[in-house]
Amino acid sequence: MIATDGLQRAGEVRVEQIKLITDNNTAVDLSDFFVEINLFEDIFTNYLHGTILVTDSRNLLEKFNIHGEEFLNIRLRTPSFSDNDIIKKTFRVYKITDREIVRDTNTQNYVLHFVSVELFLDVLTPLFIPSEGVITDVVSNIFSNFIATSRNFNISEDAVKIEENDAATELIIINEAANKIKFVSPGWSPFKCINWLASKAIPKDGKAKNYLFFESNKNFYLGTIEGLFRQSQEANNFIGRYTIAASNIRDNKSAANIQRELFLAKDVKMTETADYIKNYTNGYLASRLVFLDVFNKEYQLIDYDHVNDYDSQYHTSGEGSKARPIFNRDTFRNPATHISFYPKNPKLFDNFSDNISEKMNEIYGNRLSSMLELTNIKMNMTIPGRTDVEAGRMFYFDYPALGAKDETDVTQTSQDTLYSGYYIITAIHHKVNKNEHTMTVEAIKDSLELDKNKITE
């Protein structure tokens, strides 16, 4: 249950701070000037980005020399939520677009585009460094040495006193890697190095090699998608159960049922379902790796069969044996329909025989299938905004059973037996104005619902 004591309606928001910090350390309060904030997060993206639509009748651009390198402090809160459940971050403005004169010669509209401060550090830091160790340890070192930075400014209410907050950016390791790496970065940015390392990691716990590195509105994360599934299922940690229904209909004497309205979805659209021709040919069901040993002049053919490996992995509906796949378990597949090549050099580093090039036979096919599995069932919908929700969280969705109803049907509880179930949020578009916060979410499931008794309240 969500604490709703301080809420007047679902989607209510309090914009506690929206201030620009200019290059001469002046804070410009945009609270009276902003029209809409759009903030985007995605588990397939390393950073947050967004826009602010400003209507400006005081010529702030000229008065404060705002040109596109300012820091931007944003703090948003769903009323009654704790400090752990707010959106609070410092961004950098990188461009200003759509500037136009409106109504009269004293007012202008424009859009400020912003990104995470960490992206500025990333693009300005090519790395030519050696690294060695367990992959997740190497990632942590790269992150802390080249990306981690102060996330926020402490700004007094009158915007006179501005202090940098020394709290460094945090990277949460969802699950540790088991394999090691020894490599020299060839001038790649820190994010590119981390993405490459993530694609070569084998988890200590779990079978799917689907590591991702991403930022949500709370933290940066490194871990497997399977790890997110497992954590949510084992801790019963879901953001709630959403349904498609009309908003509260009540007379003047009835109070709003905010708890119910928080979990109503609209504009629901199933944007992707399984494409079986694509799945037969792109390596999802089975693939082959030609593993080339450049030192011994040998090769191996490594075939991976995802159908047989499915039950060993964790899915949105739980453990593989309890999760119904989108394919028939006796479906035809041929690894030769998708062939890839990868070189290994067992003598590249003396006394280091466990380098990743020698582990790709364990990683390649598994990661290919695990990542493609996330594209089979994809849904978009709009839900009331909450500042405690972030990309990577899971929810339960009651997809309605459609078709003719008879007098025995209970429409409110009738669910589609295949597409109802647990989904993981892969992306969120937060849209915030002075009165309302809505979230358009992209959510996926990698398995069909099976256990109808496992439903969150």
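Student: Before we start, what does buried mean here?
Tutor: Buried means under 20% relative accessible area. Keep in mind that this is a predicted model.

Student: OK, strand 17. How many of the eight residues are buried?
Tutor: Seven of them, across residues 286-293. So strand 17 is largely enclosed by the rest of the structure.

Student: Which way does strand 18 run against strand 17, parallel or antiparallel?
Tutor: Antiparallel. Eight bridges join strand 17 to strand 18, which covers residues 298-305.

Student: And what about strand 21, parallel or antiparallel?
Tutor: Strand 21, residues 339-344, runs parallel to strand 17. Six bridges join the two.

Student: How many residues sit between the strands in the hairpin of strand 17 and strand 18?
Tutor: Four. In that hairpin, Lys297 takes a positive phi near 55 degrees.

Student: Switching to helices. At what angle do helix 3 and helix 4 pack?
Tutor: About 170 degrees, with the axes 10 Å apart. Helix 3 is residues 135-146 and helix 4 is residues 190-198.

Student: Why call helix 3 roughly antiparallel to helix 4?
Tutor: Because angles over 145 degrees count as roughly antiparallel, and that packing angle makes helix 3 roughly antiparallel to helix 4.

Student: Which residues make the contact?
Tutor: Helix 3 gives Ile135, Val138, Val139, Ile142, Phe143 and Phe146. Helix 4 gives Pro190, Cys193, Ile194 and Leu197.

Student: How many residues of that contact are charged?
Tutor: None are charged and none are polar. The contact of helix 3 with helix 4 has ten nonpolar residues.

How values were computed. Residues are numbered from 1 along each chain as its sequence is written. This is a predicted model: local features need pLDDT of at least 70, side-chain atom pairs count only at pLDDT 80 or more; totals for chains, interfaces and linings use all residues. Side-chain values use heavy atoms; hydrogens and water are left out. Buried means under 20% relative accessible area, exposed over 50%, partly exposed in between (1.4 Å probe, protein chains only). Two strands pair if DSSP finds at least two bridges between them. Axes are lines fitted to C-alpha atoms, for helices over the stretch in contact, and angles run from 0 to 180 degrees between N-to-C directions. Angles under 35 degrees count as roughly parallel, over 145 as roughly antiparallel, 65 to 115 as roughly perpendicular and the rest as oblique. Contact means heavy atoms within 4.5 Å. Ala, Val, Leu, Ile, Met, Phe, Trp, Tyr, Cys and Pro count as nonpolar, Asp, Glu, Lys and Arg as charged, and the others, Gly among them, as polar.
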